[in-house]
Amino acid sequence: MSDGASASTERDIAVALSGGGHRATVFGLGALLAMADAGLCDRTASISSVSGGSIANGAVMVGPDYGTAPVEEIEAHIARTVQSIAERGVLQGGAPATRWYLRSFIAAITLTVVAFVVAVVAGIAKWPVVVAGAVAVMFVFGWLTLWLFSQRSSATERAIDKELLGAAHTSLAAQQARNLSVHHVICTTDLQGGTTFYFSNRMVYGWEFGGTTRPTEVPLSTAVQASACVPGAFRARAVGLDRLHLVPGTLTADDHPSHGEVTVDRIVVVDGGVYDNMADSWEYGFADRAARWPGLVGAQSRPAQQLVVVNASSDWNSLRPMPGGGLRFELDALMRSKDVQYDVSTSHRRQALGQLFATAADDDGLDGVFVQIKDSPYRLVDRFTNEPGRTPLDRNRWADEARSFLDRYGLSMSAWDDIAKASSSVPTTLKPLGAEVCAALLEHGYMLATTNLHVIFGHGDMTRTIERTRFARLARSETTGTRR
């Protein structure tokens, strides 16, 4: 067992970062910063993540050790990540690593279409030489278009490494060698087994393939991009089991009568949100996983006792008309079908976790708190605020303290409702978000996590003062003098 894994025996808090593009990345970083300010880093056992949350998790992993570093170092590192998302993102307009890829892709499509039009016109005009030349050009650039389309995941991976992982070209093995005190778990979905496959700085594990703590040279950027590999938008990632030091499996004819005996020698993974868009399954299913793979204790000695679910998924809670028709209508229908599936599965998981948390005190099970992007920081405070004339319980008292903290901050309940609505409406995208949007998401994630953690667990100091200008400075990477 590594020293980092041993240290985790005294760590009892886990964080789960949901998907949601760069909206989830920045919102999740705000929550992690709040935990750091609350003095919870040395109690953090694991950070699990999917999709946009995995971009945040990967960025934090390559920075100073989240479990032991001074808060100022964590804040400065988070600020650089937020600034990159504000100014460049990893796709569609900002990141140099994907800018030329997208331009080449658009140019190839354009030349293919132009060549097709020329071939048709030349055919009508009976110019056989021009037809032959145009058809040749059409096939060349048509092939190039298809090839570039197949490279969209790899291009995005390069941008993730360059823009958000510090162009470190680091591998999971290199991160394992750092012996970090926190277990950073990147969740993906294996399309062959229909379950989650996990990459981390201490191990790799899949329900169908088992696990190993042997160092693997798979790039961290590959794991992060695979976790954010939205079906259709990106190409599924295939990784050989030999690269992961896992043993290939053989399916007999009884398993698959139509195919006979089949050897499975690779994983095929996509967005972790396909299976679990809140990334809670790492801690929620820890006991079953440990029973199936006893070697898990070499990576994380035990599950956490408290789970902080940072959910930046946008609920489908209002009518969304679908105007128009044609190809745009078809694509919109496809993407909305995906969104509905994510929303429904996330809603059910949230309800199940809520019931688990509600009974935690009775059965000594996993307790937890939600930090949901659709919520105002006043929502949980209002639920637990003590009623006049009644003796307050701990959570009543903590809610009163959190209310005083929020009132001093200077934003009204209606203002926070507007902020929550604006945060939820930020598109699920990997485009640059702009400094103003990033500052608002960072502030919302920070303040919501700060109040909810105090109301449910009493964590953090509610007598301190937070300046709103801090988040605007962080979104522009101006970190000097941001903490009070």
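The second largest pocket is lined by 20 residues, and Gly368, Phe370, Leu380, Arg383 and Ile456 lie nearest its centre. β12 has the largest share, five residues. Helices here are DSSP runs of H or I with at least four residues, strands are runs of E with at least two, and both are numbered from the N terminus.

Before I go on, this is a predicted model, in which local features need pLDDT of at least 70, side-chain atom pairs count only at pLDDT 80 or more, and totals for chains, interfaces and linings use all residues. Residues are numbered from 1 along each chain as its sequence is written, and side-chain values use heavy atoms, with hydrogens and water left out.

Now the terms. On a 1 Å grid over the protein atoms alone, a pocket is an open set of points with protein on both sides within 12 Å along at least five of seven lines; a cavity is a set where a 1.4 Å probe fits but cannot get out; lining residues have an atom within 4 Å of a point. Points are joined across faces, edges and corners, and a volume is the space filled by probe spheres set on them.

The second largest pocket holds about 530 Å³ of space. Its lining has nine nonpolar, five polar and six charged residues. Ala, Val, Leu, Ile, Met, Phe, Trp, Tyr, Cys and Pro count as nonpolar, Asp, Glu, Lys and Arg as charged, and the others, Gly among them, as polar.

What about the largest pocket? Its volume is about 1400 Å³, and 48 residues line it, with Met335, Lys338, Asp339, Thr428 and Thr429 nearest its centre. α12 gives the most to this lining, eleven residues. By class, the lining divides into 21 nonpolar, 15 polar and twelve charged residues.

There are three cavities of 30 Å³ or more. The largest cavity has about 40 Å³ of space, and its lining is Phe405, Arg408, Tyr409, Arg464, Thr465 and Ile466.

Next, salt bridges, meaning a side-chain nitrogen of Lys or Arg within 4 Å of a carboxyl oxygen of Asp or Glu. The count is 15. One of them joins Arg237 and Glu157, at 2.9 Å from N to O. Arg237 is in strand β7 (residues 237-240) and Glu157 in helix α7, so the pair ties together parts that are 80 residues apart in sequence. Are these two buried or exposed? Both Arg237 and Glu157 are buried, where buried means under 20% relative accessible area, exposed over 50%, and partly exposed in between (1.4 Å probe, protein chains only).

Another salt bridge pairs Glu443 with Arg468, with the closest N and O atoms 2.6 Å apart. Glu443 lies in helix α17 and Arg468 in the loop between α17 and α18 (469-475), so this bridge links parts 25 residues apart in sequence. Glu443 is buried, at 4% relative accessible area, while Arg468 is partly exposed, at 41%. Elsewhere, salt bridges that share partners join Asp37, Glu75, Arg464 and Arg470 into one network.

The last pair is Asp375 and Lys374, with closest N and O atoms 3.4 Å apart. Asp375 is buried, at 7% relative accessible area, and Lys374 is partly exposed, at 33%.
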